[in-house]
Amino acid sequence: MNHLAHALVSGTDEELILGSMLGDFVHGRIDTALPLGVQQGLALHRAVDVFTDSHPIVVSARGLFQPPFRRYAGIILDIWFDHLLALDFGRWSGESLETYSAELRDILQQHSHSLPPELRGFLRYMQMHDLPLAYRDEARIAQVLAGVATRLKRANPRAESMVEIERLKPVLQIAFDEFFPDLVPFAERRRG
């Protein structure tokens, strides 16, 4: 899952949300000097990634991507699933996506002094592009995929992956609709 999904399945505790948002920017052992809730959020992020990557529906959906996109299907799916979540956010949250997006950025801004530089940079990007609210827009998703493609050292097709997504849209929607209802209770159990 990508940023919006990770934040949402973290529940309402700010430290869990913060830790979950740190998950893509902090690697290795979890620093025990971090507040306990942040540590738990990081652990939740990692558990959600393992659950997602090994879920049969997600494994099957990754297999639908044709070469050369298949190699990057996990990342492409994570981003596309955030788009599908954003489109139907009211189904999964009692808040509007507009409100949730602003609150998520506020949490990160309040803790910006303790964020790693990469996440501070991503926060600026989120503010500049009104994320995660803008994840509803396919054009923004195409830009996100192109941006991710530029951060890899080797040439890759992710910038062109919207063509492949377009081909798979109906089946990816079904995959999301079947997978996300499994993810939510998994995350709830992990949060305790």
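I took a pocket as an open set of points on a 1 Å grid over the protein atoms alone, with protein on both sides within 12 Å along at least five of seven lines; lining residues have an atom within 4 Å of a point. I took a volume as the space filled by probe spheres set on the points, with grid points joined across faces, edges and corners.

This is a predicted model, in which local features need pLDDT of at least 70 and side-chain atom pairs count only at pLDDT 80 or more, while totals for chains, interfaces and linings use all residues. Residues are numbered from 1 along each chain as its sequence is written, and side-chain values use heavy atoms, with hydrogens and water left out.

I looked up the second largest pocket and found a volume of about 290 Å³. It has 16 lining residues, of which Leu8, Gly11, Thr12, Ser93 and Tyr100 are the closest to its centre. Helices here are DSSP runs of H or I with at least four residues, numbered from the N terminus. I noted that α7 (97-110) and α10 each supply at least two lining residues, and that α7 gives the most, with 4.

**Aromatic pairs**

I counted rings of Phe, Tyr and Trp (its six-membered ring) as paired if their centres lie within 6.5 Å, with planes under 30 degrees apart stacked, over 60 edge-to-face and the rest tilted. The count came to 9 aromatic pairs. Phe81 and Phe176 are edge-to-face, at 5.3 Å centre to centre and 65 degrees between the planes. Phe81 sits in helix α5 (residues 73-87) and Phe176 in helix α10 (residues 161-191), 95 residues apart. Both Phe81 and Phe176 are buried, meaning under 20% relative accessible area with a 1.4 Å probe, protein chains only.

I then checked Trp92 and Phe180: their ring centres are 4.9 Å apart and their planes at 75 degrees, so this pair is edge-to-face. Trp92 lies in helix α6 (residues 89-92) and Phe180 in helix α10, so the pair ties together parts 88 residues apart in sequence. Ring pairs link a cluster that includes Phe51, Phe179 and Phe186.

**Phe180**

Leaving aside neighbours within four places in sequence, I found Phe180 in contact (heavy atoms within 4.5 Å) with Met1, Ala5, Leu8, Val9, Leu85 and Trp92.

**Ser20**

I placed Ser20 in helix α2 (residues 14-22). Its relative accessibility is 1%, so Ser20 counts as buried. A polar atom of the Ser20 side chain lies 3.2 Å from the backbone oxygen of His6. Beyond four places in sequence, Ser20 touches His6, Ala7, Ser10, Gly41, Leu42 and His45.

Key:
Buried means under 20% relative accessible area, exposed over 50%, partly exposed in between (1.4 Å probe, protein chains only). A polar contact is a pair of N or O atoms within 3.5 Å; within protein, one must be able to donate a hydrogen and the other to accept it, and residues adjacent in sequence count only if both atoms are side-chain atoms. On a 1 Å grid over the protein atoms alone, a cavity is a set of points where a 1.4 Å probe fits but cannot get out, and a pocket is an open set with protein on both sides within 12 Å along at least five of seven lines; lining residues have an atom within 4 Å of a point.
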